[in-house]
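Hi,

Here is the structure I promised to pass on to you. Have a look at it first, and then read on for what I found in it.

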Amino acid sequence: MSQAQSLPDADAAAKITELDLTERLSPARLTKALAGLQGPKAQRALIGVADHGAFLALPAGEIPAKGAPDMAEQRRIMGLTASYVAQSVGQLPHFSATRTVTHFQTAPAPVTEQNPMDFGAVHAVKLSRAVVEYRDGEEKVDAGPVKAKATGPDQGLRTWGVFGPIQTQVLLDAAQNELGWSHWETGAAGPVAVFRYRVTPEKSHYQIRYCCTISKFGYETKEFQVMTGYHGEIAVDPQTGAIVRLQLQADLKPGDATTRADLAVEYAPVELGGKTYVCPMRSVSISVAPTVHLAQDWSGRMMPAMGPPHLLLNHAEFGDYHLFRGETRVLSEAEEKASGMAPDATLPAAKAADAQPGEEMLADAPAAAADDSGVAGVGGEASEISASTGAALPDNAAHAAEPQTPEEPSGFVLHMNARLVDVNVVALDKKGHPITGLKREDFEIYDDGVKQEVHTFSQSDSESAAEAASALATPDQKFSNHDDKKAAATASGGEGNTLVFVVDPSNLIWNDLVDARHQMLEFLKKLSPNERVALYAMRYHGFQVLEEATTDHARVTARLMKWMPSAQDLLNARDQEDRNRQTMEYVHSPEDLLNVNGNFTLDPQSNQVALDPKLRTMGSNPGPNGLDVLVEVARHLAPMPGHKSVVWVTSDNALADWDRMSVSVDKHSRHIEPIALRTQEAMNDAHASVYPLDASRLEASVADPGIGNRNVELTPTYQMPPAIQKAMQGTEMQAGGDTNEFGQNRDLRAGRLSAQMQQDLKPIQGVFREVAEATGGKTFRRSNNIIGELDGVVAESHATYLLGFTPSQQADGQYHRLMVKLVGHHDATLRFRTGYQYDKEPTSLKDRFTQAVWEPTDAKEIAISAQPVTDAVGHALRVTVAGTDLDLTQQSLAAASGSATKQELWSGKLDIFLVQRDETGRRAHVTGQTVGLHLKPATYQHAVSEGLTFDQRIALQPKTTVGSLRVVVVDVNSGRIGSVTVPAAALGVKTD
């Protein structure tokens, strides 16, 4: 150690790592030795050496020459310890502390019978920082102010409960097994009593958790867990019973996944809120287990495999303890600045050390001993495929074409356009019957008057709908963005149609909802068995999936019968019905009498029809809200194959215009109404036609017996303004009998009945008719025959054609109007997509990645397939990437010693992202990893012929409903992007 103090930091660290302790270093000697070292590498090396020997015995000279206490004194000390654990540990306050873990490990090496524990020196590889919060006996790890980035699980022994629970567990287990005196030690505050204990597996409550092991021939990686016996030492203060050091050494079997799992924790007094508590200061955990790395199997695919064992050591230090309090005090401006709680130019800037990274990779180990987190190959050979946590995308591709010097124009310019516009078309004859059997050449498409070539063509039918329904979410199904079978099915119309019911209880009053549900149930009873049906319920600001697309009509029927809307939705529908049909008794303002009883007056200043709370919308805007929810429904339906007929079962409370403020349907590029355009664009992108169905029944114009007045009147409690009241004072001769206009509540006209008749005559707003027609659907007004209307929707779905074309002109950011003509059918009526927003394609890699995340359709520049896999650990996706679509650079490496042939490698890099989108399609959780490729010839040939296969683990987000999963692969060299979407139902994840 004296020699190391005079050496440079790296050289001193190398010297210290050569040490092999035969006795444990006491905390006092370790602190003194660390103070003599200046460099961080040397200090970490000494900590690693000391922790490696943390479970050895102290030198005989450091053990006090003090006799063992008698049995009565031992019982007194252990009684104090039991009282301490029962009282102090259970009364620990709500506090937090920072935890800094230095991760050490040895190089993988085979264990020999002659020296089974010889792993060589330990080297620091990583620092990790986190904030640990202790509350009610539970520990919660949070990134806190250190901003720890999300990474995969750390390899090694996982420890928890060091703040108190582990003391209770050990003491209870030891009391029921073997517990006896060991020796005295010298602590910081005096002598320390040390007891030895041993716990058998049958009476143990100690569980070992270790990450990770390989099972099922390399197809699963999972956490090793086992209840095991253990032994160790308990060092306590003989005066207070406080535990100052605790050791646990697991009694593992030779055949277990990990053969060593040891833990040591040191405690010391900490002041929290004016009181002193004994809290952990540092801990050491050591584990021995085989390494996990990627190896090439017989087919050339890279699979996880178990390698030689190595030793992992985690050194944790706790500090910066803070007590949580509930005190609040308002600070003055001067106090706020003085405390640093407000931005102030006079205050010094925060130091960089105040925001340390959550993880910091260390380079203490020599190059030969470095290990890439278990990814390196056996025997020091570099792995062909390595994975690390992805941080961010580059702005441009690595091999992007460099700008060239412009040449003279040749008179010929070739423009390439990858935009494909899908157009849903419903063809009806002059009697309104669907026209089936049409072909591609029967249609003509015009984009802003310019004829386009029809590139894709398909027709929905019902014969193969059952097969398509079974393919929506079957277990072990493989999903692909280049599925030849799926493309063939699309070309022949084999994907069929899905009838999607979207019931709107927030706008349908209870009586109308009951009638609509009854007719829907009767319709389902006679529906063809091949028809796919989905059932959703619209909420005030969202929707709920009641049943996903299926041909099991009995299941949909049972779900519809069992379903009940929320009280909030029913109350909202009742409130809108009362306001629109004017079934209230009174209004609270005289001005509101001008807008009830069949009257209508528009205030020229406010452009509003009413001021009374009974007549206000109170934030309710059912029409635009419904269109917003339909956008979410469209995003949810986008991954579903085939055409969709979306029947929005609602009422005129949402569809009619009650306040003369109808939503605009202007399609000029500078004045596009965002609500209407977003809805029809989302539905068209999802290959869905919208059918708004007004299920409110036509009622006779009669007064409700529950209404006391014939007309809506001014409330008797109305207090007229003082100025008017003063002007009306005086004798009857002066004021006159009819001067008090506020007392004239009676209205001999039709009044309330007239208002109800006006409601029955109000048409559906033009915006809903436009959205329906622009998607190939239509509206149904006051439909008392819902069964007949639904039969018509199903019939039309069989005459729905999907046409696709690539615009001949470049993107201009304008709204383009479409026209579809049917050749040879002059009397035919067509309903089709009336236009599309032709935005320019993104150019940067990040913008293209954002588009790949949110676009309804998958990106196809890279062929990808994904197959759901479920095991004991959880869910995963087995992703295969086509090697022919990757930009791999061929490299020639120097020949190895003894070989005259250079080694050929194909190098590249992939960014693979897993996107968890909720069922609304508005929010997404993205995780990613970067995969480095250095493929040998055999692996490269396998990648070209069969592709590269990876297992992508899925950590489902808590408290969220996952609608779909999308894997996005970015080839960093070329900038190509591919994606594949997997419905959440394919993983067995419930979506309701």
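To start with a question: is Arg966 buried or exposed? Arg966 is buried, because its relative accessible area is 0%. Please keep in mind throughout that this is a predicted model.

Salt bridges

Arg966 has a charged partner: its side chain meets that of Asp858 in a salt bridge, at 3.3 Å from N to O. Arg966 belongs to strand β38, while Asp858 sits in the loop between α20 (845-854) and β32 (864-870), so this pair ties together parts that are 108 residues apart in sequence.

In the whole model the count comes to 23 salt bridges. Another of them joins the side chains of Arg245 and Glu233, again with 3.3 Å from N to O. Here Arg245 comes from strand β10 (residues 243-250) and Glu233 from strand β9, so parts 12 residues apart in sequence are tied together. Arg245 counts as buried because its relative accessibility is 8%, and Glu233 is buried with a relative accessible area of 8%. Both residues belong to a network of salt bridges that links Arg24, Glu185, Arg196, Glu233 and Arg245. There is also a salt bridge between the side chains of Lys451 and Glu444, at 3.5 Å from N to O.

Strands

Strands β5 (residues 178-187) and β6 (residues 190-199) pair in the antiparallel sense over 9 bridges, and they form a hairpin with 2 residues between them. β6 also pairs with strand β9 (residues 230-236), antiparallel and over 7 bridges; there, Tyr197 has Gly232 as its bridge partner in β9.

Elsewhere, an open sheet is formed by 4 strands in the order β20-β32-β33-β37, with antiparallel pairing. Its edge strands, each pairing on one side only, are β20 (479-480) and β37 (948-954). β37 runs antiparallel to strand β33 (residues 875-881), and 7 bridges join the two. One of the residue pairs involved is His875 with Ile954, its bridge partner in β37.

Helices

Helix α4 (residues 71-89) has 19 residues, which should span 27 Å at 1.5 Å a residue; the end C-alpha atoms are 26 Å apart, so the two values agree. Which residues of α4 are buried? They are Gln74, Ile77, Met78, Thr81, Tyr84, Val85 and Val89. These residues cover an arc of only 110° around the axis, which means that they lie on the same side of α4. The face turned away from that buried side carries the exposed residues Ala72, Arg75 and Ala86.

Helix α19 (residues 786-797) has 12 residues and reaches 17 Å from its first C-alpha to its last, close to the 16 Å expected at 1.5 Å a residue. Its buried residues include Ile786, Leu790 and Val794.

Surface and loop

Trp510, in helix α9 (residues 510-526), is partly exposed because its relative accessibility is 38%. Together with Val514 and Met564, Trp510 makes a nonpolar surface patch of about 280 Å².

Last, Ser974 is found in the loop between β38 (962-971) and β39 (977-983). Ser974 counts as partly exposed because its relative accessibility is 25%. From C-alpha to C-alpha, Ser974 and Lys909 are 9.8 Å apart in space, and they are 65 residues apart in sequence.

Best wishes

Note on methods: Residues numbered from 1 in each chain as written. Predicted model: local features only at pLDDT ≥ 70, side-chain atom pairs only at ≥ 80, totals over all residues. Heavy atoms only, no water. Patch = residues over 30% accessible without salt bridge, like charges linked within 9 Å, V, L, I, M, F, W, Y side chains within 5 Å. Areas by Shrake-Rupley, 256 points an atom, 1.4 Å probe, with all protein chains shown as cover. Salt bridge = Lys/Arg side-chain N within 4 Å of Asp/Glu carboxyl O. Buried < 20%, exposed > 50% of the residue type's maximum accessible area, 1.4 Å probe, protein only. Pairing = 2+ DSSP bridges. Expected span 1.5 Å × (residues − 1). Arc of directions from axis to C-beta.
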